[in-house]
Every structure is written in structure tokens, then in C-alpha cells.
Amino acid sequence: MAAPPSIKETTKLYENARAGLNAAKPKFDAVKSQVSQLKISLVQLSMQDSRVEADQSFHLLKRGILELGAELSIKTGDAAAFERYLAQLEPYYFGNLKEKLDESKVMYPLIGLNLLRMLTDNLIADFHSALERIDLDQLQNNPFIVHPVKLEQALMEGSYKKVWQARSEVPTPEYLFFMDLLMGTIRNEVASCVEKSYSSLPFDDAKSVLFFSSMDELLGFSQEHKWTVSPSEKRITFPVVAEDAHMFHGDDIMKQTLAYARELERIV
């Protein structure tokens with residue numbers, strides 16, 4: 001039977017995994033395998049000697065491994081795994097272990113990403129509960145926190161234009177993962193309103209109101225929603241939907257949204 005790993009050996013494996021994730025062309029499967037081995041090593045270290053839980057170097061290593069796993073989850077598009085890693089990082093970011101270790105350089109980027117995840121999942125109550133645990137100075141001045149805070153305000157205002165603009169203002173490229181998920185949800189909501197408010201739209205108007213940057217994206221989206229596309233007329237026709245007139249009054253909303261989109265195109 002192989003001897004349990006030492007903290008030194010586990011740290012070496014962590015450093016190799018970190019270097020692999022930060023490489024210009026990371027091999028995600030290899031890093032994922034290393035992270036799995038690192039988590040097993042953490043359990044073995046704890047079982048080998050319970051006193052290790054009082055060792056600062058052990059907790060620095062454990063925090064680093066959990067952060068590595070969280071970053072890997074974002075890069076591989078695994079939102080569920082990211083949520084699990086952030087839950088495990090709670091004691092290091094907000095609990096009893098926070099004051100025992102130096103602040104992690106990736107703490108606020110990961111907290112900000114977690115706030116974005118909550119917005120993407122429409123967990124508004126959880127979002128506000130999380131904000132209450134963050135220092136006021138960070139809420140007002142840390143770009144990794146300010147971005148999701150402003151985004152939530154835009155969502156509450158129903159200003160999808162501001163949400164779309166926020167995509168180009170992300171403090172780090174990793175934020176684009178959740179921003180794109182959020183924009184996907186918004187597009188589906190807007191598409192539902194468009195279908196009920198218009199019988200058809202010109203390509204350019206449809207592209208603008210749905211916040212697409214290319215015609216290929218619009219045509220792919222149209223195919224998914226089974227809209228009729230007329231290349232000769234450069235127009236998209238929507239299916240007729242029977243709707244109670246008293247249940248929906250979207251004309252004014254959609255006209256305003258379309259006007260915003262056209263204005264945004266002029267600005268850009």
C-alpha cells in the first residue's frame with residue numbers, strides 16, 4: 001500500500017496543476033485529474049494526522065486547491081461544480097478561517113463570479129444575502145464586486161441594454177461565462193415578447209433587439225425558435241400565437257426596447 005502523501009508532496013502536485021491551468025493552452029482533462037488527486041490527498045492528510053487541521057500551511061494548501069477547482073470549473077463551463085467549490089470556500093472567505101490566513105488574490109474575483117452565478121440562476125434573495133457579508137468598501141470600489149452589483153441594478157430596472165453593455169465591461173474574461181448564460185436567458189425572454197408583439201421584423205431590427213453581433217447568430221437563434229426566415233425580404237416572421245389581450249400588453253415595451261437597441265447601434 002502506498003504511503004500517505006505529505007504536505008510537501010501535495011503542494012508540489014498543486015503547483016504542477018496550477019501551472020497546467022495557467023498554461024497558454026491548458027490540458028483541462030489532465031488538470032481535472034490532478035485536482036481530483038489533490039482532493040483525495042487532502043482527505044488522506046486529515047486522516048493521517050488530525051492535528052493537521054490546526055496547521056496554517058495545510059489550510060493555505062486546501063484553500064488553494066479549492067480555488068484551483070473553482071477556476072477550472074469556470075474554464076470548462078461547469079457551473080454546478082463551481083457552486084460546490086464556492087460553498088467549500090465559505091470558511092476561508094467569510095468564516096472562522098478568514099482571519100487566520102492572508103487574503104487570497106483570487107478571493108474577490110471568485111466571489112464576484114459567484115454573485116454573477118446567482119443572478120444567472122435568478123437567486124436574487126441569495127444575491128442580496130451574499131452582499132451583506134461583503135465589506136462596504138469592497139462593494140463600492142472593488143471592480144470584481146461592483147460589476148455584478150451594477151448588473152443586478154440593471155436587471156431590476158429591466159434595462160437589457162445596460163446588461164448587454166456590461167458584457168464589454170467585465171473585469172476579467174472569466175466573467176463572460178456567466179454573462180453569456182445570462183444573455184441567453186434574456187434573449188429567450190425578449191424573443192417571447194417579440195413573438196407576441198410583432199408578426200415579423202427586418203433582420204437588422206431583430207438582430208438589434210436580441211443583442212446579436214452577427215447575422216449568423218440571429219439565423220441560428222431563429223432556427224432554434226422555428227421562426228420563418230426570408231433572405232429575399234431580409235425579414236423574420238414569427239408564428240401566430242393565440243393570446244388573451246388582457247394578459248399581455250407588450251407592444252410599448254418592445255417598441256421601447258427596439259428603440260434602445262437602435263440607439264445603441266448608433267453609439268457603437
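Here are some notes on the model, point by point.

1. **What we are looking at.** This is a predicted model, in which local features need pLDDT of at least 70, side-chain atom pairs count only at pLDDT 80 or more, and totals for chains, interfaces and linings use all residues. Residues are numbered from 1 along each chain as its sequence is written, and side-chain values use heavy atoms, with hydrogens and water left out.

2. **Overall make-up.** The protein chain has 14 helices and three strands (DSSP runs numbered from the N terminus: H or I of at least four residues for helices, E of at least two for strands). Of its 268 residues, 41% are buried, meaning under 20% relative accessible area, with exposed being over 50% and partly exposed in between (1.4 Å probe, protein chains only). The accessible surface comes to about 15300 Å², and carbon and sulfur atoms account for 52% of that (Shrake-Rupley method, 1.4 Å probe; for residues, only the protein chains shown count as cover). If you take the contacts between residues at least 6 apart in sequence, 63% join residues at least 24 apart; contact here means heavy atoms within 4.5 Å.

3. **Helix 1 on helix 2.** Residues 7-21 (helix 1) and 28-48 (helix 2) pack at about 160°, with axes 9 Å apart (axes are lines fitted to C-alpha atoms, for helices over the stretch in contact, and angles run from 0 to 180 degrees between N-to-C directions). The two helices are therefore roughly antiparallel (over 145 degrees; under 35 is roughly parallel, 65 to 115 roughly perpendicular, the rest oblique). Their crossing is left-handed, that is, the near helix is turned anticlockwise from the far one by less than a right angle; clockwise would be right-handed. On the helix 1 side the contact includes I7, L13, Y14 and A17, and on the helix 2 side F28, V31, L38 and L45. By class there are nine nonpolar, six polar and no charged residues (Ala, Val, Leu, Ile, Met, Phe, Trp, Tyr, Cys and Pro are nonpolar, Asp, Glu, Lys and Arg charged, and the others, Gly among them, polar).

4. **Helix 2 on helix 3.** These axes come within 10 Å and cross at roughly 150°, which makes helix 2 roughly antiparallel to helix 3. The crossing is left-handed. Among the residues involved are F28, V31, K32 and K39 of helix 2, with F58, K62, L72 and K75 of helix 3. This contact divides into 10 nonpolar, two polar and four charged residues.

5. **Helix 3 on helix 4.** For helix 3 (56-75) and helix 4 (79-88), the axes come within 8 Å and cross at roughly 160°, so the pair is roughly antiparallel. Helix 3 passes helix 4 in a left-handed crossing. The contact is made by L66, G69, A70, S73 and I74 on one side and A81, F82, Y85, L86 and Q88 on the other.

6. **Two backbone spots to check.** Most residues other than glycine have a negative phi. F211, not a glycine, has a positive phi of about 60°; it lies in the loop between helix 12 (203-209) and helix 13 (215-224) and is buried at 4% relative accessible area. K234 also has a positive phi, about 50°, in the loop between strand 2 (228-230) and strand 3 (235-237), but K234 is exposed at 55%.

7. **D205.** From D205 to R235 is 30 residues in sequence and 9.1 Å in space, C-alpha to C-alpha.
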